[in-house]
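I opened my notebook to get to know a new structure. Come along and look things up with me.

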Amino acid sequence: MANDEDRSRQIYEQYEEALFRMAMHQLAEEEGKKLQSTKEMLQFLPDSRPSDIALHRFSQQLDAHLPQQQAPTNKRKGSGALRRAAVAVLAVFIVFGTAMATVGAFRAKVMNLWLKIQPQFTIFRLKEADPGPSNSNLIVDWTSANVPTY
């Protein structure tokens, strides 16, 4: 019994919706005919047409407004590529950091790029030494200075 009532209610709602659509369609058709007759009547009146200056100003405003409407889509295209590049760089940093933290051989190879181990000291460097003039020929006068000893 309840199933028949639900079905009847659905059919009645569909009927009301179709009736409303038909009424709105007829109303829109009547309004369209009225607007068409008004347009035809105003077409022959000289005061109802816009001037050439007004048409030119309108076209300039329209041309200025159209690129603003298209700008957000252009920004979205660029931001997608930027977002993908940022994700790729982040992934590389995460993989590099994980490898540094977990793999001893990888950590040793990376640290050897920055370390220079000598018998007396160790140098941390971030760039290669200058292949310019040799530092071994420099003479320093240490007579009046406090110097740490070995």
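Predicted model: local features only at pLDDT ≥ 70, side-chain atom pairs only at ≥ 80, totals over all residues.

I began with Glu 31 and Lys 34, which sit 3 residues apart in helix α1, about one turn of the helix. I noted that the two form a salt bridge, with 3.7 Å between the closest N and O atoms. Glu 31 is partly exposed, at 39% relative accessibility.

Next I stayed in helix α1 and looked up Lys 33 and Glu 29, which are 4 residues apart and separated by about one helical turn. They form a salt bridge too, and their closest N and O atoms are 3.8 Å apart. Lys 33 is exposed at 56% relative accessibility, while Glu 29 is partly exposed at 42%.

Then I turned to Arg 21 and Glu 17. Their salt bridge has its closest N and O atoms 2.8 Å apart. Helix α1 covers residues 2-43, and this pair is 4 residues apart within it. I found Arg 21 exposed at 57% and Glu 17 partly exposed at 42%. How many salt bridges are there in the whole structure? My search found 4.

Leaving aside neighbours within four places in sequence, Phe 106 touches Phe 96, Ala 99 and Met 100. The C-alpha atoms of Phe 106 and Phe 96 are 9.4 Å apart. Phe 106 is partly exposed, at 30%.

Last, I stepped back to the whole protein. I counted 3 helices and 2 strands, in the order α-α-α-β-β from the N terminus. Of the 150 residues, 3% are buried.

Technical notes. Residues numbered from 1 in each chain as written. Heavy atoms only, no water. Buried < 20%, exposed > 50% of the residue type's maximum accessible area, 1.4 Å probe, protein only. Contact = heavy atoms within 4.5 Å. Salt bridge = Lys/Arg side-chain N within 4 Å of Asp/Glu carboxyl O.
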